[in-house]
There are 2 protein chains.
Amino acid sequence: MIRHSGFTTEPWQVREESLQLDVLPQTESLFALSNGHIGWRGNLDEGEPHGLPGSYLNGVHELHPMPYAEAGYGYPDFGESVINVTNGKVMRLLVDDEPFDLRYGTLHHHERTLDFRTGQLHRAVDWTSPAGRRVRVRSTRLVSLTQRAVAAIRYEVEPVSHETRVVVQSELVANEQLPPHNGDPRGSTVLQSPLRAEEHHASDVHLGLIHSTEKSRLRVAVAAEHRVDGPDGWQGTSEAEPDLARYTVVGRLSPGERLRVDKTVAYGWSRTRSLPALRDQVDAALAAARHTGWQGLADEQRQRLDAFWDCADVEVRGDQRLQQAVRFALFHVLQAGDRAEEQPIPAKGLTGPGYEGHCFWDTEAYILPILTYTDPDAVAQALRWRHSTLPLAQERASQLGLAGAAFPWRTIAGRECSGYWPAGAAAFHVNAAIAAAAVRYVECTGDEDFERHIGVDILVHSARLWHSLGHHDEAGTFHIDGVTGPDEYSALTNDNLYTNLMAQQNLRDAADAVERHPEAARRLGVDEGQVRCWRRAADAMAIPYSEELQVHEQSAGFTRRARWDFAATHPDQYPLMHHFHYFALYRSQVIKQADLVLALFLRGDAFTDEEKARAFAYYEELTVRDSSLSAAFQAVVAARTGHLDLAYDYLGETSLIDLLDLEQNTRDGLHLASLAGSWIALVAGFGGLRRQGGDLSFSPRLPDHLFRLAFRITVFGRRISVRITRDAAEYTLLSGDSLVIRHHGEEVRLTPERTETRPLPDLTPPRTPSQPKGREPVPFAQQ
Amino acid sequence: MIRHSGFTTEPWQVREESLQLDVLPQTESLFALSNGHIGWRGNLDEGEPHGLPGSYLNGVHELHPMPYAEAGYGYPDFGESVINVTNGKVMRLLVDDEPFDLRYGTLHHHERTLDFRTGQLHRAVDWTSPAGRRVRVRSTRLVSLTQRAVAAIRYEVEPVSHETRVVVQSELVANEQLPPHNGDPRGSTVLQSPLRAEEHHASDVHLGLIHSTEKSRLRVAVAAEHRVDGPDGWQGTSEAEPDLARYTVVGRLSPGERLRVDKTVAYGWSRTRSLPALRDQVDAALAAARHTGWQGLADEQRQRLDAFWDCADVEVRGDQRLQQAVRFALFHVLQAGDRAEEQPIPAKGLTGPGYEGHCFWDTEAYILPILTYTDPDAVAQALRWRHSTLPLAQERASQLGLAGAAFPWRTIAGRECSGYWPAGAAAFHVNAAIAAAAVRYVECTGDEDFERHIGVDILVHSARLWHSLGHHDEAGTFHIDGVTGPDEYSALTNDNLYTNLMAQQNLRDAADAVERHPEAARRLGVDEGQVRCWRRAADAMAIPYSEELQVHEQSAGFTRRARWDFAATHPDQYPLMHHFHYFALYRSQVIKQADLVLALFLRGDAFTDEEKARAFAYYEELTVRDSSLSAAFQAVVAARTGHLDLAYDYLGETSLIDLLDLEQNTRDGLHLASLAGSWIALVAGFGGLRRQGGDLSFSPRLPDHLFRLAFRITVFGRRISVRITRDAAEYTLLSGDSLVIRHHGEEVRLTPERTETRPLPDLTPPRTPSQPKGREPVPFAQQ
């Protein structure tokens, strides 16, 4: 747990006021910089001490064999794993004749600050070497949101006490040694030395390394350029070898003098481009960055972030930690998705090697919803990436004996990389999440061109999948059997309600889309008969419901299973999957993460309010939240069903997951979906945002601990500001044409530049639901 | 397919009249000799050419890591794999200056005969070397059923044309090179060089090698002794090195002269005994064998087999191939089980490395039933082995969160070695098969001592397992959820009918047993309340039944699933699991092997005749027989429901599986369960043998192709002969007291030495059921 005095609570930054080596790996994730293309973990400039060095390029992976004790038809032979690419962050320092290493000497002050508005990571150090030489070191690091191939470092050193000779070594390091992996199955298969040297060069202030991967056959180029500002007499030299390029600056500084090295790093990779082309590409990026200059890069970064916050900021009053947490979350979501550009948005972004750098349904179900309302271009790009993997997904569907396309459960380049099919291949709901994300994007932006060329393809192939996956029984009911829903403590169930409802929507959305785009239908070979079949299957979809208990069933027969013996389960035995066999979990009423509860939100139209209330109460008793994907949607449904304080506690869990290292694996990277959940819990939970096609509604309510919540969304070509207090909600149309929204069901017409204020209706608090013993959420204030 | 002119059809032997190298690996399995302790594949004496060299000691295995692409709690870390132990069969021959190698020179005649009555493998060769030296070689090999540590070879060579110098090298070879594995996942993980040398010695006619395994820490000792008979002037020398001991005989023979080398080999292994103790053990075995002499060993073997056939022979008239096949089957079942003695009976016996040498439920469900009625002492021994693994099974149950004991799905030494838990750990029905085998043995033999010390333990621990595995629903019905039945094309089903019915019986048998043995109940801590719970669960057991279709369901909801698209399945796509993903199979109505149909037989009391007929017809349409475990029980139920010709075809499939290499993997070892199925199909199928507690009944009927079936069984301390013709059945009590049996429901009192004859009732042939397209059984005559 990162719960030490070193962290301050501030609205626009995360600041660590002292260095604590025991949480270094976690802070490297928290302080990671990324633009969705390049990811740099927040490793110390001098490389060591480190928790886990990490430099990533989105899409750059290596293949590794997937072993099976007993193999089966259609099991993936090779998995994809993110690799640690050439490290361009390293700035080593020699102070007189001793290395600047904070494990030795005396550290007077150490401060790191991640600033959400400047997009920069600042560091200030005041240190005395074992030999008594005191220096101040300052560095500023950014990964550019405006020049996606570029990252930059400003590194400054000044002596305090004596005239001091300093040596700064600015490096590019390939195949750096990684610490041994800790063995947690949720972690990463670390691939050691994945890069094969192809070219290295150094001349004057310029460095370059080009490598390729062996099995995935990708080429990675990195180049760096330097600008030095220091007292007379400093000297710079450069040298390169296959896995190391180094620019060394030596100077003698008196107290008050300062040596500054500005380093610009450019990254590029390609599956197809030649070595000279890729070398030119990174050198061109450096040329552009040189033209912009350090200050120019910093200014652009600030402008981009100002624009983002103008569209996306969420302001909360009542708890400063929540304010910080939600902005931290939004900042990292932006970093992960802003410039991914036809590459996946992995579950951990580019902040660490967790989950092998794979992208899951998290992207479409958790991250894209925020981006749709705050940075919609990033959504189009992410879905274009999915679209680009359609051929692989069609191949996979065919291998599974199905029509259409089956997108992988976890992947980097589009191959299925799940080694456990009951919680991989069988989790077909990933396809519905992708289809829903495409529909959401199109409905919110009106991007018809996207729909015609990308959206329809995704919808048609997923509809075909669902139609071949299910079947009509004798009575005509359409069943989808043998699949795994979001809750991974059940598997291979029949008629998973979430899956069925999402598939139903998918089938209808596909039918609507091909009817809107007859030329796309022709291109895809969809005829009217097929559309009729989709609609018929959707209309006949099985909806498991227990008449006896008057509650929907997570899957057919779910409520008939034995209840998990929560009373006999020790707190140390969570997460259950680390202490119990899947067999024991699968046959019991025990839920890892929101599943039916997620359906209550995403397909809220399929339930009455009473059904929602009953279902939430029933499943709340069974849900242990052993997945970080759970709390956000529990918060949303808790808020909708009137359990505001409970929703607030879940919001705390989802938003503080990494700042407090709640799952004890933040070292492997941030939990982006859970962070995204902060926004979802606030905006869809307390804000009550719902959208159905072109209808937009809010049903805001605040928990006791908050007295103000304000957020902005971009939708239907408008920008709307919503400000909620304990008594009323104010809606302002910041840009775009008038439109009608709903406030707690009441129509409200928004016109430009005018604020509409509506009171919040009273709420009779319902009976508080209960959670499994020992799995109640920790109250926010006690987190 | 072994379908060549080399094989003759003879009632008491398998004879190959010419050597065909392309089927050498298969014939090595067919000609394997074993006593259940030692197994020698039918490799040629001179070692090469070979298909797969194999010498096995029951229980001797090595551990190997089990890899997982995604590991989970409770997955086995290490698997057990049978290893090829020191080869004591090798007799190399030099003819003048050329090795006797049948790939060169001219082979005039080559004949191998496995004799079911003498238990010997004979070989006669007439060969001319490339240099023109013609020799006759004869060998006889046996693995003693009476001296279980001992195997013996008589090797004779005589020149035909010229005076010839011959060298015979009799060897013990450890870590012999094995051919590369063919990659079939059903095959074996071949462990190369698994033996570490501990001691080697050679003196005069005596050889010895002692090795141990690295991870399983077993010690294996082999010793050999020789007796030479030849013309004057022969010389013998011996030598040893760590992995090779060799006794070399040189002699010069004129035509008409003969050199004979009798080799006796003794094997021993232990987990605990010291090297000197084990060396003494094998030398003592050699001393005993020396005392008995070659002819004595042969005579004892014959006597043991005479006694066996007197108890076990099945005589059929109407098809000579069937006669040969059923005796072949019985012979190999005897070989596998007779002297296993507190070691498992593996699925392939000791005939090959298939399935890694593991023991499955096959043993209790297929092999022990025959042995119960023909060689009951072997059954007690096999169950004592299971009993000895109870501590591991209790540990496994506890790991799975269950009470009692969970026996492994596949194992050698008692550890779970299945690497795919949905078809391993979840297949709990193995426990019911073990319990049922114990009850069957006790009821048939009256071995009360066994019941008190072994049987009750097995029953109590399995009953506890079932009781903790299932649960009562609100209405009181007892459900067993999330388990896999015998049919491996379904998994993790609720209320698998076979499992439920077997568990029901298990619970009741356990309750009965502890009531009979109150002191055992005390020892095991069983109180009356527990017994009441078992009976209550048994009485409330869920029995899935489709009211709509008026047919029992293989598992809850099975008949609601989509039917497999058999019309679209190409004949080359069987076995389906090699061409379709488990996901596709699990959610469909398609059945790999008899499951509910097995319940129709084993729990025939739970169904009316009409229910059996309907269920058989329904499931017959869905059963593809992709497992060799299927046909036997389909034969039994087909016979019971009046489909005699169909039963006959299934009998053909189960009995000819290895003689015709129907599954194309006989090279890896024989399919003992399928072979055992020949007896089951004849005796329980056409003989109609059923036993319920102390009630014995027959309802014999013959298919058109047979005009006589006679068999003998040992039960309740009696030996009974049954002879069935097309018109009548004759019952003779060969030994023991009078008893009442039933013939087609009619009571018949058998008294000593008197034959009771009863006519067979007429049968109105029912409507012929159909099988999936392309999976109809091949008519016996066309096999």
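This is a predicted model: local features need pLDDT of at least 70, side-chain atom pairs count only at pLDDT 80 or more; totals for chains, interfaces and linings use all residues.

Reader: At what angle do the axes of α4 and α17 of chain A cross?

Author: The axes of helix α4 (residues 362–374) and helix α17 (residues 672–686) of chain A cross at roughly 40 degrees, and they come within 9 Å. Angles under 35 degrees count as roughly parallel and those of 65 to 115 as roughly perpendicular, so α4(A) and α17(A) are oblique to each other. The crossing of α4(A) with α17(A) is left-handed.

Reader: Which residues of α4(A) and α17(A) meet?

Author: From α4(A), A:Asp362, A:Tyr366, A:Ile367, A:Pro369 and A:Ile370 take part, and the residues they meet in α17(A) include A:Leu672, A:Trp679 and A:Ile680.

Reader: How is the pair α7 and α9 of chain B arranged?

Author: Helix α7 (residues 429–445) and helix α9 (residues 497–516) of chain B have axes that come within 9 Å and cross at roughly 45 degrees. The helices α7(B) and α9(B) are therefore oblique to each other, and α7(B) passes α9(B) in a left-handed crossing. Among the residues that meet are B:Ala432 and B:Val439 in α7(B), with B:Met502 and B:Asp509 in α9(B). This contact divides into seven nonpolar, four polar and one charged.

Reader: In what order do the five strands of the open sheet in chain A lie?

Author: The order is β21-β30-β31-β32-β35, with antiparallel pairing. The edge strands, β21 (314–317) and β35 (755–759) of chain A, each pair on one side only. Within the sheet, β30 (residues 708–715) and β31 (residues 718–725) of chain A are joined over eight bridges, and A:Thr714 stands opposite A:Arg719 in β31(A).

Reader: Where are cis peptide bonds found?

Author: Most peptide bonds are trans. A cis bond joins A:Glu48 and A:Pro49, with omega about -5 degrees; A:Pro49 lies in the loop between β4 (38–40) and β5 (55–57) of chain A. Another cis bond joins A:Tyr574 and A:Pro575, again with omega about -5 degrees.

Reader: Is A:Arg625 buried or exposed?

Author: A residue counts as buried if 20 or more other C-beta atoms lie within 10 Å of its own. A:Arg625 has 23 C-beta neighbours inside 10 Å and therefore counts as buried. The phi of A:Arg625 is positive, near 55 degrees. A:Arg217 also has a phi near 55 degrees, but with 11 such neighbours A:Arg217 counts as exposed.

Definitions and conventions. Residues are numbered from 1 along each chain as its sequence is written. Chains are lettered from A and ligands numbered from 1 in the order in which they are written. Axes are lines fitted to C-alpha atoms, for helices over the stretch in contact, and angles run from 0 to 180 degrees between N-to-C directions. Helices (H or I, at least four residues) and strands (E, at least two) are DSSP runs, numbered from the N terminus. Angles under 35 degrees count as roughly parallel, over 145 as roughly antiparallel, 65 to 115 as roughly perpendicular and the rest as oblique. A crossing is left-handed if the near helix is turned anticlockwise from the far one by less than a right angle, and right-handed if clockwise. Two residues are in contact if their C-beta atoms, placed from the backbone, lie within 7 Å. Ala, Val, Leu, Ile, Met, Phe, Trp, Tyr, Cys and Pro count as nonpolar, Asp, Glu, Lys and Arg as charged, and the others, Gly among them, as polar. Two strands pair if DSSP finds at least two bridges between them. A residue is buried if 20 or more other C-beta atoms lie within 10 Å of its own, exposed if 12 or fewer, and partly exposed in between; C-beta atoms are placed from the backbone.
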